[in-house]
Amino acid sequence: MGVNTSKGRPPWRSTPTPSSSCPRRKRRPTSAAPRPAASRARPRPTPVPEVGDGAAEPAAGPGERTSAVRRPVRTALAPVRLRLAVLGILLTVRISVGVALPALLATAVGAVLDGTDVRGPAALLAAVLVVGALCEAAAGPLATSANATTTHRLRMLTVRHLLALGPRSPHAVGDAVTQVVRSAPMAASLPAWAAESAISLLGSVAALAALWWTNWQAGLTFTLAMPFTVLIARRFMKEAGLAQENYLGAQSLIADGLVAALAGVRTIRAAGTLAAETDRVLGPLPELSAAGRAMWHTERDVVWRLGLLLPLTDVLVLAVAGLAVADGRLGPAGLLAVSGYLALASGMVDQIDGLLGIAQARAGARRLGEVFGHEPPAGGTGDTVPADGSVLLRGVTVHHAGGPVLDRLDLELPAGAAVALVGRTGAGKSVLAGLPGRLTDPDEGEVSIGGVPVRDLPLDRLRTLVVHAFERPELYGRTVHEAISMGRPGVDREEVVRAAVAARADRFVRRLPAGYDTLLDEAPMSGGERQRLGLARALLRPALVHVLDDATSGLDSVTEAEVSRSVTELLAGRTRLVVAHRAATAARCDRVAWLDGGRIRAYGPHHVLWTDPEYRAVFGPAGATGSPAGPDPTKKKDEEERCRVEHR
């Protein structure tokens, strides 16, 4: 008996992956998982992790990764448990039919040789064959349906978990896509592969028992050869799993590089570096090739070894049975039964595709465990409502790359005040701006809104209390109206227009082909126009605290001044934290928090801080002109004496 590489393929694998076939079929492996050792030598193009978010946690080991993915896999299996139970029954009946066939066939042949009535045994044999065929026909569609449902649900859970991680996610975009597209379906197939293998193993054990019962010498011969085949199979599982992980790891590197290149495609074209970037994106190809060759070599080694050992075992077993026939201890029909049981018993090791399928599924589960091994931020369970929109930061420290970005920082934003946050590039302004809405969590210290710690607030309530607008907003939805009303699907057009007017977006929106009903894909917009839509989206939400993280940087000075006046009117009485890079933006706020060295160096009105040359230098050449871009400090002597500037 030769090596049957298709015997172990379960019925739900309607189209086997190319990597699940033997190398003699000349197909390239197409899947794998976590990063190979060889790939660690190449820097991975992942984004810098958000500081203070736990992104620097040590990587989980294989066991921890597999454990982390068990819960989502069980959740994904919940709707198909009945189908899987029925599938298990069908597979069990099919295996039972396979075990019964040799005995029934031997009985029918014996009846022919003995000249007795063969109609009964033949009818029973035909009935059993029909039952087996019906089970096979029913198991295929049922298993395919169950596997498709499980894959869909696990992909949904993976996407939801990745989005819940937010800035805390350690995965680059390309790697996250690979997890959803490749790792999730591989992990979803693990229960099915395990069930198929377990039932097949039970059938093989039953066939081995029947072989012992038919002729114990033949059973003993097969049993003595089993340890060698088991050792080969175990080694194959280990090496195949590692090759699968390496292959998918290299795929992730290519995906990461491609996503980064597509994001900067204009820069690449302008710089004329297409060839260099192509080489960079495809740099991991040698690792991909090495993993593929390792897979082929592993399959080649196991095929020739099993291809030599299994036929030799078959010859020995049949020789022993033949001697029993020659001695009269076994009849011709018994020899036929031995041959059938031998084929079934060999199935426990003669399943290259089955072993490879389990290796793939385990590799996908371990890799998916890298996603579920990182817990998203947990919201509080308190029901206390903040008294107002005041924001208080006390002793806040945020670490990154071994050092503090924010160091025991104290800052208070009075309710209803507009506070500008200024500082040099890399000072940690966006990190600080992310604290009220828990886009970043401090390593030490506490952040509270209206006297309530933000960690005690449920996340859904916190999202209604704090709203963010960013420098480069992403627009979601089908139309412009949906992009502005994101998060408030029931809001009417009048409110959307009011927010767009305040963000100075209404004028250009009405010039679009269908106005607010224009499809986003058909709405050509500049960076500044997209920024205004993002600002309108933030203004539409009735929050206590609005964080504008450089949300007007793409606007010209005149438009920014108009937007600032409108925002001040619309958000009157609400707290605003404005990350500012322009002196004019800082001048329009009630107070300015000057961030330097991880702490608030000074806190006061812009025109007061403007007297400090180091503060002016924060704004670059604009600060060197000596213009405060706001009220004349010489006309504010009385106000200057009343305000307090904290130098720390």
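Predicted model: local features only at pLDDT ≥ 70, side-chain atom pairs only at ≥ 80, totals over all residues.

Analyst: In strand β7, Val545, Val547 and Asp549 point one way, while His546 and Leu548 point the other way. In a regular strand the side chains alternate between the two faces of the sheet. Residues on both sides of β7 are buried. The cut-off behind that word is under 20% relative accessible area.

β7 has a parallel partner in strand β6 (residues 466-469), to which it is joined by four bridges. Within that pairing, histidine 468 stands opposite valine 547 of β7. Strand β8 (residues 575-579) is also parallel to β7, and here the count is five bridges. The bridge partner of leucine 548 in β8 is valine 578.

An antiparallel arrangement is found elsewhere in the chain. There, four strands make an open sheet in the order β2-β1-β4-β5. Its edges are β2 (403-413) and β5 (452-453), each of which pairs on one side only. β5 is held to strand β4 (residues 444-449) by two bridges in the antiparallel sense, and isoleucine 449 stands opposite valine 452 of β5.

Two packed helices are described by the angle between their axes and the distance between the axes. Helix α3 (residues 119-165) and helix α4 (residues 173-188) have axes that come within 8 Å and cross at roughly 145°. The crossing of α3 past α4 is right-handed. On the α3 side the contact residues are Asn147, Thr150, Thr151, Leu154, Arg155, Thr158, Val159 and Leu162. On the α4 side they are Ala176, Val180, Val181, Ala184, Pro185, Ala187 and Ala188. Sorted by class, this contact comprises ten nonpolar, four polar and one charged residues.

Some totals complete the setting. The protein has 23 helices and ten strands. Among contacts between residues at least 6 apart in sequence, 78% join residues at least 24 apart.

Technical notes
Residues numbered from 1 in each chain as written. Heavy atoms only, no water. Pairing = 2+ DSSP bridges. Axes fitted to C-alpha atoms, helices over the stretch in contact; angles between N-to-C directions. Left-handed = near helix turned anticlockwise from the far one by under 90°. Contact = heavy atoms within 4.5 Å. Nonpolar A, V, L, I, M, F, W, Y, C, P; charged D, E, K, R; others polar. Buried < 20%, exposed > 50% of the residue type's maximum accessible area, 1.4 Å probe, protein only.
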